[in-house]
Amino acid sequence: MEEMTNIIKDLSIEEREEIFVDIARTLEDTAREALVEGNMQFAEISNNMAEAIRVNADELARDDPENAERVLLQATAMISQFEAVHPHRMVSMAVH
């Protein structure tokens, strides 16, 4: 955990903010997949977490790296939990 904090400290504020936006986007994608599969509770939790991260990305990037690390760990745990339960995700073959 200390190693991740050091990595976060080494990043610029813009890089940190970009990471939070990417994590929020991934959480939103995971929430959509959970919603399609009928897992409303997981979809809602993921969407709420994504929105909170997106709204606070600037503050998270600028403030205490330890808090930023905790948020990243929680978000990645949510994503990992979904991927562990759904290792074979749906792939759309639709042509637009």
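**View 1. Helix α2 of the predicted model, shown from end to end**. An α-helix has 3.6 residues a turn, so residues three or four places apart point the same way. After α2 comes G38, a residue whose phi is positive, near 90 degrees.

**View 2. The packing of α2 against α3**. The axes of α2 and α3 lie 8 Å apart and the two helices pack at an angle of about 160 degrees, which means that α2 runs roughly antiparallel to α3, as angles over 145 degrees are counted. Their crossing is left-handed. On the α2 side the contact includes F20, I23, L27 and L35, while the residues supplied by α3 include M40, F42, M49 and I53.

**View 3. The largest nonpolar core**. This core is made up of 20 residues, and those with the most contacts inside it are F20, I23, L27, M49, I53 and A75. Two or more residues are given to the core by each of the elements α2, α3 (40–55), α4 (57–62) and α5 (65–85). Which residues does M49 touch, not counting those up to four places away in sequence? They are L27, Q74, A75 and M78.

**View 4. Helix α5 and its buried residues**. Helix α5 has 21 residues and reaches 30 Å from its first C-alpha to its last, close to the 30 Å expected at 1.5 Å a residue. The residues of α5 that are buried are P65, A68, E69, L72, A75, M78, I79 and F82.

**View 5. A closer look at E69 in helix α5**. Is E69 buried or exposed? E69 counts as buried because its relative accessibility is 2%, whereas the cut-off for burial is under 20%. The C-alpha atom of E69 is separated by 9.8 Å from that of K9, although the two residues are 60 residues apart along the chain.

**View 6. The meeting of α3 and α5**. The axes of these two helices, α3 and α5, come within 11 Å and cross at roughly 150 degrees, and α3 and α5 are therefore roughly antiparallel to each other. The crossing of α3 and α5 is left-handed. In this view F42, I45, S46, M49 and I53 of α3 meet V71, Q74, A75, M78, Q81 and F82 of α5.

Terms used
Residues are numbered from 1 along each chain as its sequence is written. This is a predicted model: local features need pLDDT of at least 70, side-chain atom pairs count only at pLDDT 80 or more; totals for chains, interfaces and linings use all residues. Side-chain values use heavy atoms; hydrogens and water are left out. Helices (H or I, at least four residues) and strands (E, at least two) are DSSP runs, numbered from the N terminus. The expected span of a helix is 1.5 Å times one less than its number of residues. A nonpolar core is a set of buried Ala, Val, Leu, Ile, Met, Phe, Trp, Tyr and Cys residues joined through side-chain atoms within 4.5 Å. Buried means under 20% relative accessible area, exposed over 50%, partly exposed in between (1.4 Å probe, protein chains only). Contact means heavy atoms within 4.5 Å. Axes are lines fitted to C-alpha atoms, for helices over the stretch in contact, and angles run from 0 to 180 degrees between N-to-C directions. Angles under 35 degrees count as roughly parallel, over 145 as roughly antiparallel, 65 to 115 as roughly perpendicular and the rest as oblique. A crossing is left-handed if the near helix is turned anticlockwise from the far one by less than a right angle, and right-handed if clockwise.
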